[in-house]
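Subject: Structure handover

Hello,

Here is the structure I promised to pass on. Please open it first, then read my notes below.

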Amino acid sequence: MKNFIGIDLGSTTTKAVLMDENQEVLGRGITNSRSNYETAARVAKLEAVIDTRLTLCRRNLRQEAPEIGGQLDDLITRLELGFRLEQFLEQLDDLEQTCMSQIEGERFAGKEKAVTEALQSVFNDLRTEAPPMFAPGAERKSDFFRDIAGSRYLTIAEEKALEAGLAFNLLLNVYDKSIIEVENRPPSEDMSGKFLKTLTHVVKEAEKLGVDKTSVEKAVKQALDVELEETYLVGTGYGRVTLPFSKEHIRSEILCHGLGAHMMYPSTRTVLDIGGQDTKGIQVDAQGIVENFQMNDRCAAGCGRYLGYIADEMNMGLHELGPLAMKSTRSVRINSTCTVFAGAELRDRLSLGEKREDILAGLHRAIILRAMSIISRSGGIKDQFTFTGGVAKNEAAVRELRKLVKENYGEVTINIDPDSIYTGALGAASFAHTAVAGNA
Amino acid sequence: MTQIIEGRTKVAPAKPAPEALKDDSMLKQKTMMAQHYDRLTSATQNNEKVCATFVPGNLNELIMCFDMVNNLPEVNAIQNGLRKKSGGFVMEAERLGHSEDVCTYVKSDIGMIAKGNIAPNGKPFPDPDLLLLSYTGCFTFMKWFELLREQYKCETIMLHTPYEGDGKITQNMREYMVKQFKEEVIPKLEKVSGVKFDIDRLREYLKASAKAEDDLVYVLQSAKNKPSPIDAYFGGIYYIGPIFGAFRGTQDAIDYYKALREEVEARVKAGQGPVTPEGNMGKEKYRLVVEGPPNYTSFREFWKMFYDEGAVVVASSYTKVGGVYDFGFRHDPDNPIESLADYCLGVYTNRNLPQRVDMLENYINEYQADGLLVNSIKSCNSFSAGQLLIMREVEKRTGKPAAFIESDLVDPRYFSAANIKNRLESYFQMVDQKRGPSGVAA
């Protein structure tokens, strides 16, 4: 099966979209950019391929075992979670081995055995904890290995160090030295193996529903056997120039975002993308071709990173900012969206007795005001208007945007896709498709 | 790259950038500039009087009538930008109390003066005997010379050029200027120089100017060819050097433009594109019109972003700041003073927004360009005010895509290479996309 891949190498995350010959999206993948675009691109692509296999499984099951009916989503979720668990355990093993190899040198002298045993115990606990984390309905704060394994490692290691009478620093040190190495190691490409391991559990679930075992196995195995031919790949985003892509395989993220937004919402005429380090206002025509654009220059004030910095300053998670700001009843006026000044501004307002939620509401408004200025310079907002990028997931930012759009441009349809983070990669995949179709 | 010598780390010198390739006209210009700076820095010992003045509305022929040497602070700032010295000068000026948003030409100049006022030849500039302010659309010029007057306490002439607010030169404006020339400018020049004004001498210089101007226009308009034999922005900045600077009206300028014209004629004949610092440019893929000054601190890096992508600038407004010749104006020996007035009134910085739009639209059509690129200069409000409106109007009239980038004249802190490259690449791809499957410019 021919496939066309678009990869968007952002400053925070790297996204991949895989589509077929009919420009139907089969899979999406995302990973943290980890300042190593080469690995990030490989991982994101692999994730998109995993997602594609799941899409193919879904198609085959629908055909081979129609009796599953409404339970199809549940089975696919189980298949994916089972796969994720296998993948997590595989990386956990890698992390354990890497950590063990760090136990050497003066600081560990005489404590090698104790540290080794403590580590073994930590990893045993991590392994035991893993299955419930990947059970259907369980909530994880992140899908990235570093985040899941990291936070639990630190908690468990602290307990184990205390029990063994070891300095916590020793266990922290081996972890710090290992995680980057593990994270940057390309993941094992044995995808089918991991899917097949989990298939037995899925088959059992299917049997409970009275579905024939062989048809489920056949459907999944066939999906895994489909040969995916990487026909053309296009890279975009800030990291694009660092990749070993030739010029024909690179497109500007402005064009990719414009086209991606058009593909999601064909009536889009104006696109706003707020990413980690830039804000783009883009005007597109009826074919998704960029007519005009403006973006922040010299200064990344008011971009996604600003919120990340605020979250750090407030000792909160990035995803917690929006919900807290939504509780605000009055917005505090914030003028500066300078990331460096943000901390000072925040402390100043807190010292004046302002409530955290009101300050946050003001910060969100400040970001959107800056974005509005960029959009207006690109030519204003025309119907329909599509908002993309990581900040589009933040409900407080969206609330301010809706208010300001209405105030300045009246009633405009505002599109926000839950998968808007993939907009650039989607556009890139479409460029990959047209490149082969000879229309690029 | 480091090497260990006797236990100490020594940083090896960075590999120097390859010497830019220069053709004969460029070498000639280099010699002319060197001679000019030598004359300028020897002015005191040679008993020559120095007149500081600006590029837009530069009255070089008139200054020559009084045997004075012309010193152009803007050109000095550009030289310092190209030679990577302006950054330190700008910071020195800020230390002296000039704010971040002030024109960086001014700050580079003030900083240079504070740091010994050294010319590119390594010798100190003489103090000016006269500040000739031919005010042409840039308010900052007036403030700049106010600062210099305070510094040098010398005679200052304020020649007021009425702004072309209504988009045309009226007889009234012309007469107002001629009156100033006769009653204010010439008498003061006579007084400072001790030389009597001779109108026939001025006529001779203006005749020489017109001759060089003809050849310059040929060169600028050669960009209508496909491929264009010149880059009318990056290369154009070299081409305007002599005529915008201290050479208009001289035999040197005539010789320079004759040689340049012959080189360009040869390139047209051979079907060649422009010469870049790395040799002949590859295939011409994009033809652009550029509005706004360039960045000088990363000039070669900036240019490379264009020629690496096959982008050539076929016309630019910046190369008209010291005179708009391609729409027919020539210095006229038969009406010398009136012609100086018309020259000052007509320079690009003195033109209103609709005139600028008309000019850019004309360039896009006449030079068969793919679109308009605006380089908005952070510290130049005179150029930047209204640029976005200009861009939209030109876009609307021509139907060609436009783009906007931002940098600064000579403050290296405002040149963000990654950002500019990102925008330029997006723009070039936008042009591609607009062309559609055939790949032919719309």
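This is a predicted model: local features need pLDDT of at least 70, side-chain atom pairs count only at pLDDT 80 or more; totals for chains, interfaces and linings use all residues.

Let me start with a helix pair. H9(A) passes H11(A) in a right-handed crossing. H9 covers residues 304-313 of chain A, and H11 covers residues 339-351 of chain A. The two pack at an angle of about 35 degrees. Their axes are 9 Å apart.

Which residues make the contact? From H9(A) they are A:Arg305, A:Tyr306, A:Tyr309, A:Ile310 and A:Glu313. H11(A) brings A:Thr339, A:Ala342, A:Gly343 and A:Leu346. By class, the residues of this contact are five nonpolar, two polar and two charged.

Next, the domains of chain A. The assignment gives domain 1 (2-82 + 190-249), domain 2 (103-184) and domain 3 (267-416). The C-alpha centres of domains 1 and 2 of chain A lie 29 Å apart. Eight residues of domain 1 are in contact with six of domain 2. On the domain 1 side, strand S3 (25-32) and helix H2 (72-101) of chain A each supply at least two residues. H2(A) gives the most, with three. That side has one nonpolar, five polar and two charged residues.

Last, the contact between the chains. Chain B puts in 15 residues and chain A 13. On the chain B side, strand S12 (402-407) and helix H16 (417-435) of chain B are the elements that give two or more residues. H16(B) gives the most, with eight. The chain B side divides into six nonpolar, six polar and three charged residues.

Best wishes

Methods: Residues are numbered from 1 along each chain as its sequence is written. Chains are lettered from A and ligands numbered from 1 in the order in which they are written. Axes are lines fitted to C-alpha atoms, for helices over the stretch in contact, and angles run from 0 to 180 degrees between N-to-C directions. Helices (H or I, at least four residues) and strands (E, at least two) are DSSP runs, numbered from the N terminus. A crossing is left-handed if the near helix is turned anticlockwise from the far one by less than a right angle, and right-handed if clockwise. Two residues are in contact if their C-beta atoms, placed from the backbone, lie within 7 Å. Ala, Val, Leu, Ile, Met, Phe, Trp, Tyr, Cys and Pro count as nonpolar, Asp, Glu, Lys and Arg as charged, and the others, Gly among them, as polar. Domain bounds come from an automatic or database domain assignment.
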